[in-house]
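Dear colleague,

Please find below the structure that I am handing over to you. The findings follow directly after it.

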Amino acid sequence: MLARHQDPIVAIATAPGRGAVGIVRVSGRGLLPLIRVLTGRTLAPRHATYGPFLGGDGLPIDQGLALFFPAPHSYTGEDILELQAHGGPVVLQLLLARCLGAAGEGALPGLRLAEPGEFTERAFLNDKLDLAQAEAVADLIDASTEAAARSAARSLSGAFSERVTALRDRLVELRMLVEATLDFPEEEIDFLEKADARGRLDRLAGQLAAVLDTAQQGALLREGLKVVIAGQPNAGKSSLLNALAGAELAIVTPIPGTTRDKVSETLQIEGVPVHVIDTAGLRSDEEASDEVERIGIARSWGAIAEADAVLLLHDLTRCDDPAYADADRAIEARLPDQQRLVHIFNKADAASAERAARALAALPEGSRALALSAKTHDGLQTLRKTLLALAGWHASPEGVFIARTRHLKALRQAQNHLGLARSWAAQSDAALDLLAEELRLAHNALGEITGAYTPDDLLGDIFTRFCIGK
């Protein structure tokens, strides 16, 4: 470990602000002298002990519970002391200052304030958690839906790591067979036939694809789906946002251009976080009423460029107007990715079914489209299902575990290397050295997920995003 990981550390482990209980956490080696100074006694391991927390003058700062977890049976793998006091900011700051003061007086030399994520980083470095589990700690804290929290808990329990480790174990077996054949070519063993290398590779590729699919669902639960509602003024964008959210979030009036800036709301569909953004009505700068509206339109296009899905709203009551239809086509032509586009024909309650059918039929074949009414909510459930399908969401029978973009990247890299390995193995005169290299690279890619092969700069990037005290 780096030198800084040898220092004892301390931090307030509960969120800022007032609360019923607040926790000050210390981790390091040899905490017994600090415990005696702070509590005036010796604590029984893993038992909550009620009593005073003593200041430098020997007077109590507060009364609370003290818990001592000796190494290695603790969260970080080091000795841990937790002081559970009343959750006032002043009380907790006094306790924190007292810990640092007592350390300076010789009770625990070198004690310093913990950096963000440093407790969990030490848990990883001391083999209490692998890297995927450590990341799941932050994901569980940050979960925005119940499904995301449950998935993060599965990853924290090791479900994701177990499946990745199983893949790595099978890869190790293959690598051993390939490299043994390379070491003893005089045996003239037909490796591909005797060891069923092709069959093993095919099965491994299928298992990796299944893990990748589940990880993609977990990444969706973590990141959510960013959906932008776009269209001309008065198409019903704000009404649709309100209908999806079930609340009056955006102002709705018959006056065109009511929405001047982005209005955002996060909701959930089958546990998937969906970040919906209502944007200013799109029209040309010449048609915009003032500079404020022009800025709002520019921000709308910026949000569209970053969206995972774009709902292009059309007003069914005006679709037969050639000028209106031309303006809709001009907006569609500017959209950056037609694959993320869903055509929404709004105000179905005020237009005939024949007009709605005619509008849908006029779209190019294969377009995603539906008619609905933001006013009556008819068609909203179909829209929700369409968004989930666009995101590629489906419930996994084995349960979803949380995953991050870097996990997906590593899994795809491993998948690409396995694909190349299969192509080498399929040749009649298989190049075993190239096959072995692709298996090695796939093995390393999987190792990046759990931290078996992890550069220090990646660790720094991961743990500095944690909250302090965790």
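Contact, in this message, means heavy atoms within 4.5 Å. In that sense, Leu34, Val37 and Leu38 of helix 1 meet Arg98, Cys99 and Ala102 of helix 2. By class, this contact has 5 nonpolar residues, no polar residues and 1 charged residue. Please bear in mind throughout that the model is a predicted one.

Overall composition

The protein holds 16 helices and 12 strands. Of its 470 residues, 47% are buried. Among contacts between residues at least 6 apart in sequence, 69% join residues at least 24 apart.

The sheet and the helices across it

An open sheet is formed by 6 strands, in the order 3-4-5-2-1-6, with mixed pairing. Its edge strands are strand 3 and strand 6 (112-113), each of which pairs on one side only. Within the sheet, strand 1 (residues 9-12) pairs with strand 2 (residues 19-28) in the antiparallel sense, over 4 bridges. Ile12 stands opposite Val24 of strand 2.

Two helices that lie across strands of this sheet may be described here. Helix 2 (residues 89-104) lies across strand 1, strand 2, strand 3, strand 4 (60-69), strand 5 (79-87) and strand 6, and runs at about 150° to strand 5. Helix 3 (residues 118-125) lies across strand 1, strand 2 and strand 6, running at about 135° to strand 1.

Helix 2 also packs with helix 1 (residues 32-39): their axes come within 10 Å and cross at roughly 125°. The two helices are therefore oblique to each other, and their crossing is right-handed.

With a relative accessibility of 7%, Gly51 counts as buried, because buried means under 20% relative accessible area. Apart from neighbours within four places in sequence, Gly51 is in contact with Arg41, Asp62, Gln63 and Gly64. Arg41 lies 10 residues away from Gly51 along the chain, and the C-alpha atoms of the two are separated by 9.4 Å.

Two further helix pairs

Helix 9 (residues 237-245) and helix 13 (residues 380-391) pack at an angle of about 85°, with their axes 11 Å apart. That angle makes helix 9 roughly perpendicular to helix 13. Leu240, Ala243 and Leu244 of helix 9 make the contact with Leu380, Leu383 and Arg384 of helix 13. Its residues divide into 5 nonpolar, no polar and 1 charged.

Helix 14 (residues 405-426) and helix 15 (residues 432-450) pack at an angle of about 165°, and their axes are 8 Å apart. They are therefore roughly antiparallel to each other, since an angle over 145 degrees counts as such. The crossing of helix 14 and helix 15 is left-handed. On the side of helix 14, the residues that meet helix 15 include His407, Leu411, His417, Leu418 and Trp424. Their counterparts in helix 15 include Leu435, Glu438, Leu439, Leu446 and Ile449. Taken as a whole, the residues of this contact comprise 16 nonpolar, 3 polar and 3 charged.

Yours sincerely

Terms used. Residues numbered from 1 in each chain as written. Predicted model: local features only at pLDDT ≥ 70, side-chain atom pairs only at ≥ 80, totals over all residues. Heavy atoms only, no water. Axes fitted to C-alpha atoms, helices over the stretch in contact; angles between N-to-C directions. Parallel < 35°, antiparallel > 145°, perpendicular 65-115°, else oblique. Left-handed = near helix turned anticlockwise from the far one by under 90°. Nonpolar A, V, L, I, M, F, W, Y, C, P; charged D, E, K, R; others polar. Buried < 20%, exposed > 50% of the residue type's maximum accessible area, 1.4 Å probe, protein only. Pairing = 2+ DSSP bridges.
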